[in-house]
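Student: I have this structure open and I'm new to it. Could you walk me through a few parts?
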Amino acid sequence: MDTFELFNNGKLVLPEKETGFAGTEWSKHPTFKGVELKHIITAKDTDGKFSYHLVRIAPGCSIGNHTHETQLETHEVIKGSGRCVNAGSTIPYEAGTISIMQTGVPHEVTAGSEGLYLFAKFMPALC
């Protein structure tokens, strides 16, 4: 099983509980075609402090240029390739790359020919 599938079928382990998220549904991004999200940890779990999401972007699809006015966002590339334009600089995305988008900074992500799989984290929580 590849690293992305390990996360997709993974679990959240805390001292007081363990929660598997293999059964958590993927949801289509409300704005960007070919982008799906699996909400792993949400605002309700963290009192709004942070949220974690698996993101899969179909080949050639994009999360278009946007900003988050109140959240810092990080990406950990799990599988695939593509590029991120972060504050005007183009960053090649490949497995093992970590990128940080500061609050209020425009950014966009485009998947390469094999798609792109990210672990995205937001502080404070996105949802």
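Tutor: Contact here means heavy atoms within 4.5 Å. This is a predicted model, where local features need pLDDT of at least 70, side-chain atom pairs count only at pLDDT 80 or more, and totals for chains, interfaces and linings use all residues. Residues are numbered from 1 along each chain as its sequence is written, and side-chain values use heavy atoms, with hydrogens and water left out.

Student: OK, which residues is Ala 125 in contact with, leaving aside its neighbours within four places in sequence?
Tutor: Ala 125 is in contact with Ala 43, Gly 48, Lys 49, Phe 50, Ser 51 and Gln 71, once those neighbours are set aside.

Student: And is Ala 125 buried or exposed?
Tutor: Ala 125 is buried, because its relative accessible area is 12%, and buried means under 20%, exposed over 50% and partly exposed in between, with a 1.4 Å probe and protein chains only.

Student: Switching topic, how many residues are in the largest nonpolar core?
Tutor: The largest nonpolar core has 17 residues, and Leu 118 and Val 109 are among those with the most contacts inside it. A nonpolar core is a set of buried Ala, Val, Leu, Ile, Met, Phe, Trp, Tyr and Cys residues joined through side-chain atoms within 4.5 Å.

Student: Which strand gives the most to this core?
Tutor: That is S10, with 6 residues; strands are DSSP runs of E, at least two residues, numbered from the N terminus.

Student: What does Leu 118 touch?
Tutor: Not counting residues up to four places away in sequence, Leu 118 touches several residues, including His 53, Val 55, His 75 and Tyr 93.

Technical notes. Helices (H or I, at least four residues) and strands (E, at least two) are DSSP runs, numbered from the N terminus.
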